[in-house]
Amino acid sequence: MEIACYMGLELEKIKIKRFADGEIYVQLRESVRGCDVFLVQPTCPPANENLMELLIMIDACRRASAKTITAVIPYFGYARADRKTQGRESIAAKLVANLITEAGANRVLACDLHSGQSMGYFDIPADHVYGQPVVLDYLASKNICSDDLVVVSPDVGGVVRARAFAKKLSDAPLAIVDKRRHGHNVAEVMNLIGDVKGKVAVMVDDMIDTAGTISKGAALLHQEGAREVYAYSTHAVFSPPAIERLSSGLFQEVIITNTIPVLEKNYFPQLTVLSVANLLGETIWRVHDDCSGTSEPYSSLSID
């Protein structure tokens, strides 16, 4: 709704219901024949339900003779299953990409994918939109002295993301939390690489799930003398016990975007939700107009 409002358009009507046995029924209530269709659907929890809805909507648009179908996926579920870490595992991110392609999508537009290689899993054009401009503008409004800032990656795997963020934040220094993971959704913080003493630390990650990684990292930053700790993540999955960890007083502020709808029960005083509607709206216009992300008026967009 926010994206359509920003673009000055009305959402097309679509009927979605579930049969008694759980099957999903989709019917377009208006003609899309010859139209460029943009389907906005994050594959967030319940991931399987939302993914299946998206696939059936794509199929419905294809059978209704849409000219092009772009799947706008603010949060790409299964993105973490992007490689085999042990034998006999599935690469579910590639499987989901295949399903979206086979359903009939002509293009995919995703926001802050967990890893860059996921772009290559799609056999159709894929645009990767970064949510950084939204939070950079917000942090600039807080008037934090650039000399006091340090950007922190909560793990070694996020260094590239944190470094890119730090470069745009007045080339702020970088620190890294070294952790060892002992199982799914279980993380153990080991030590800190870098100096945060007396600094305002901004922890940057693509998603917060159970908040184990980022909360243990914040505790370490306080031990190492950080004055304040902010957390920024594009995708707020917020699986239990994330809210308890994030609202425990470790963070001055937890900044997220609305790529995943936040339930009312998951709000807490330190939480700030920024909208990516304008960012996605501008990107949709770019795709529709066949313009590059570096062309006017889209030069401010961070798009791959």
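## N-terminal domain annotation

UniProt, in an unreviewed entry, lists residues 2-104 as "domain: Ribose-phosphate pyrophosphokinase N-terminal". In this predicted model, that stretch is 34% helix and 20% strand.

## Nonpolar cores

The largest nonpolar core has 31 residues. Those touching the most other members are Leu39, Ile58, Phe76, Ile100, Val108 and Phe122. Two or more residues come from each of β2 (24-28), β3 (36-40), α2 (47-63), β4 (68-73), α3 (92-103) and β5 (107-111). Helix α2 gives the most, with seven residues.

Beyond its neighbours within four places in sequence, Ile58 is in contact with Leu39, Ile69, Ala71, Ile100, Ala103, Gly104 and Ala105. Another core, of 29 residues, lies apart from the largest one; Val135, Leu136, Val200 and Ile255 are among its members. In soluble globular proteins, nonpolar side chains tend to be buried together.

## The four-stranded sheet

Four strands form an open sheet in the order β3-β4-β5-β6, and their pairing is parallel. The edges are β3 and β6 (126-129); each has a single partner strand, so one side of each is left without a neighbour in the sheet. From one strand to the next, the twist averages 15 degrees.

Strands β5 and β6 run parallel and are joined by four bridges. Val108 stands opposite Ala126 in β6.

## A helix on the sheet

Helix α8 (residues 277-288) packs on this sheet and touches β3, β4, β5 and β6. The direction of α8 makes about 155 degrees with that of β5.

Key
Residues numbered from 1 in each chain as written. Predicted model: local features only at pLDDT ≥ 70, side-chain atom pairs only at ≥ 80, totals over all residues. Heavy atoms only, no water. UniProt positions renumbered as here; feature names shortened; annotations may be inferred. Core = buried A, V, L, I, M, F, W, Y, C linked by side-chain atoms within 4.5 Å. Buried < 20%, exposed > 50% of the residue type's maximum accessible area, 1.4 Å probe, protein only. Contact = heavy atoms within 4.5 Å. Pairing = 2+ DSSP bridges. Axes fitted to C-alpha atoms, helices over the stretch in contact; angles between N-to-C directions.
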